[in-house]
Amino acid sequence: MLLNTLSRSSRSQLRAQWSLASFKRQRSAPWRGIAAVADAPDTSTLPLAGIKVLDMTRVLAGPYCTQILGDLGANIIKIEHPTRGDDTRAWGPPYAKHIKGDHVDGPGESAYFLAVNRNKKSLGLSFAHPSGVEILHKLARECDVLVENYIPGALKKYGMDFESLSKINPALIYASITGYGQTGPYSNRAGYDVMVEAEMGLMHITGERDGPPVKVGVAVTDLTTGLYTSNSIMAALLGRAKTGKGQHIDVALSDCQVATLANIASSALISGKKDSGRWGTAHPSIVPYKAFKTADGDILIGGGNDRLYGVLCTKIGKPEWTTDDRFITNAVRVKNRVVLEGLIEEETKKRTTQEWLDVLEGSGMPYAAINDIQATLKHEHVLARDMVKEVDHPTCGPMKLVNTPVKYSFSKPSIRSAPPTLGQHTDEVLKDLVGLSESDIESLRNDGVVA
């Protein structure tokens, strides 16, 4: 009767609120054991608090995605091979050395693994064994989200594909990360960041003007795919609150790379012409806008319009260049870029990078030192923004990690737990979420199913 007295929009809002409340009631209880860990920080204010994620990913794109969800409060159960673990556990050096525990003589924890696996629980589990598959099915029944990065169809033989699991848990949001997607002529190819960078245009536009194509210095296609996937999962959770239904999310590195060509792709589509190729640190349509050598390094300078170009000329002691017919507007500066850039570098090489930073300070001119990674991580602004945090690892002791980047006014995302050791939480997860006894777990361990 109440619904009949409300407007259509009000009825829709009320149904959505009831649906969300129903999901919270139905899906929060099974996690009580793990949520009640004595030393766990309070996550109640985090946006994804109470959301449970079954993480069946390895290497970078998938783990980066689930780490974002974990930073925002989701409970992440990372499934790892019981002896090898995630591939990146062996990707070193460098390693953080074990200083306590049973493996102090081993290489330690790889920096690569530590970069993308904080705020997770590690369950060492083999699903080549029927008992392992049974455990996965029980976990999928209790979780809100599953993320996997296997070749399309590889999980079907275990009944771990979306079609099978949606029958067990119709509300499950199932995200598949692959190189080339679930459909299309390349769908069965294994996907690697550098290959996708090459095939989907990014490598062609990266590098010096007259040099060979090069990959980006970090696996940026993996990272943007992880970002797209985490964003899509959060949108699907909002959608589920309205409809009560889960869904399959198909994310491909190739699609994400094409999407992040952004204005470069748009220019090619609109003009119908060949792209302008590689520009190094320069800009194809703004001059001066590139890195210039200094007496001891490099500095990036951007004269994005005629006014800023004038500021630059004044600061480097060449005000006469503002009235030089070759450089008086951006259009002619682009035409004469080689001459102008050469003249500017003759001046910038006369002082150190720090001296130029001091000269340009407060000018309104876009400029930046080109720092290496150690200088970046010690940068005063990076530290002021709390982007480096020290955490206590269970076997490696104190270590510094890059912090979660987004700041909230109310919620406080943080590194709540260090990246786990292999199988660190096996007993905890199997007891509290799957409901197994200690003797059950020991039997599974003896059979090589769990570690």
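Let me start with the contacts of Asn-403. Leaving aside residues up to four places away in sequence, Asn-403 touches Arg-118, Asp-386, Met-387, Val-388, Lys-389, Ser-414 and Ile-415. As for where Asn-403 sits, it belongs to the loop that connects strand 13, residues 397-402, with helix 17, residues 426-434. Is Asn-403 buried or exposed? Its relative accessibility is 8%, under the 20% cut-off, so Asn-403 counts as buried.

The mean pLDDT of the protein is 91, and 91% of the residues reach 70 or more. Residues 1-38 have a pLDDT below 50, and in the model this stretch makes 40 contacts beyond near neighbours in sequence. Where pLDDT is low, the predicted coordinates should not be read in detail.

Three strands, in the order 9-10-11, make up an open sheet with antiparallel pairing. Which strands stand at the edges? Those are strand 9, residues 289-293, and strand 11, residues 367-369. Each has a single partner strand, so one side of each is left without a neighbour in the sheet. On average, and ignoring direction, neighbouring strands here are turned by 20° against each other.

Next, the pairing of strand 10 with strand 11. Strand 10 covers residues 298-302, and its antiparallel pairing with strand 11 runs over three bridges. Within this part of the sheet, Leu-300 is opposite Ala-368 of strand 11.

Last, a helix by these strands. Helix 14, residues 353-360, lies across strand 10 and strand 11. Relative to strand 11, helix 14 runs at about 155°.

Methods
Residues are numbered from 1 along each chain as its sequence is written. This is a predicted model: local features need pLDDT of at least 70, side-chain atom pairs count only at pLDDT 80 or more; totals for chains, interfaces and linings use all residues. Side-chain values use heavy atoms; hydrogens and water are left out. Helices (H or I, at least four residues) and strands (E, at least two) are DSSP runs, numbered from the N terminus. Buried means under 20% relative accessible area, exposed over 50%, partly exposed in between (1.4 Å probe, protein chains only). Contact means heavy atoms within 4.5 Å. pLDDT is the predictor's confidence in each residue, from 0 to 100. Two strands pair if DSSP finds at least two bridges between them. Axes are lines fitted to C-alpha atoms, for helices over the stretch in contact, and angles run from 0 to 180 degrees between N-to-C directions.
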